[in-house]
Amino acid sequence: MRVMLILSRENIEQIYTMKDCLEDVEHVFREHMQGNVTTPVRTAVDHPKYDATSLYMPSYLASDDYVAVKIISIFPQNHKHNIKSLQSVIVLTEAKTGQHVAMMDASLLTVMRTGASSGVATKYLAAEDADSCAVLGCGAQSLGQIQAVMEVRALRHIYLYNRTRAKADEMKQSLLALYPDWHGEITVVENADEAVSLARIVICSTKATEPLFAASSLRPGTHINAIGAFLPHMREVDSATVQTSKVVVDTLEGAEHEAGDLLIPIAEQEWSFAQLHAELGEILIGQKPGRENNAEITLYKSVGVAYLDTAVAKTVYERAKAAGIGTEVSL
């Protein structure tokens, strides 16, 4: 009899933290560079009728003997029906036997691993003394971004901007509740350029199709995590920002297919992948340097990659199994 473990968001919250996720993400980026990961480019299925997208993301971790497929739906109009706009599940398979051993809610894990990806990039690319962070877009992904950055840098100031101010106000209250012992300051600002001009770390977490801020707003030594735009027509940073930045991507393959922040400047003949500094994994294993001085502007462009999901799902499954957490179902 085959048994599958079903894990809810609440189950995962009991056993998995952002610190755990940062460790898993850094580990699997290194594994990727060692050739121990197989990850086909994800399949995106657009739903123009609903202004939505479904993504199908498989990956195999040879060193860990697990395969996973994440199915993620991004339906921005769901708020009209009081349904979350981002929903996903992961199916985890043991590579030794092909048995599908777990299915878990992946909405939280998507937020966590996307945040952890930026957290690892921030660890290696942001100035060591960076203590201020601008958050452009206060939607579902932004909380994980902030949590990850707070794990790797001692923030004292967070500046929140959202097109609809109420969401920024809500994020401020969520952060105050989540970090009751943190003595930093959170300020909601009226425009993105103001937020960027005040910060040493910038998080872009929107579904924008036009740049959120002007390159002239950036301070020397700023690090940018641009994670919201995940399709070729979407962008959060302008071409001038790309031109003046040391650009690092999660994977070159993904960036070449989906990173509108880079593909649009290429189409405008204002940048090329020949100017790319590195994949993040190259920095982690010492093939390329991270931040080299306090003046350079660094840009981490992430569109997401499936092996991050497999890595976190593997740890969650093994911890849940050891702790007796979750619901077993017979198949």
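I looked up the largest nonpolar core: it has 45 residues, and Met104 and Leu109 have the most contacts inside it. A core here is a set of buried Ala, Val, Leu, Ile, Met, Phe, Trp, Tyr and Cys residues joined through side-chain atoms within 4.5 Å, with buried meaning under 20% relative accessible area, exposed over 50% and partly exposed in between (1.4 Å probe, protein chains only). Helix α11 (residues 306-323) gives this core its largest share, 8 residues. Helices (H or I, at least four residues) and strands (E, at least two) are DSSP runs, numbered from the N terminus.

I also noted a second, separate core of 27 residues, with Val202 and Val247 among them.

**Caveats**

This is a predicted model: local features need pLDDT of at least 70 and side-chain atom pairs pLDDT 80 or more, while totals for chains, interfaces and linings use all residues. Residues are numbered from 1 along each chain as its sequence is written, and side-chain values use heavy atoms, with hydrogens and water left out.

**Leu109**

Which residues does leucine 109 touch, leaving aside neighbours within four places in sequence? I found Ile12, Tyr16, Ile90, Met104, Val312 and Val316; contact means heavy atoms within 4.5 Å.

**Tyr56**

I placed tyrosine 56 in strand β4 (residues 52-61). Tyrosine 56 is partly exposed, at 37% relative accessible area.

**Whole chain**

I counted 11 helices and 16 strands in the protein chain. Buried residues make up 54% of its 331 residues.
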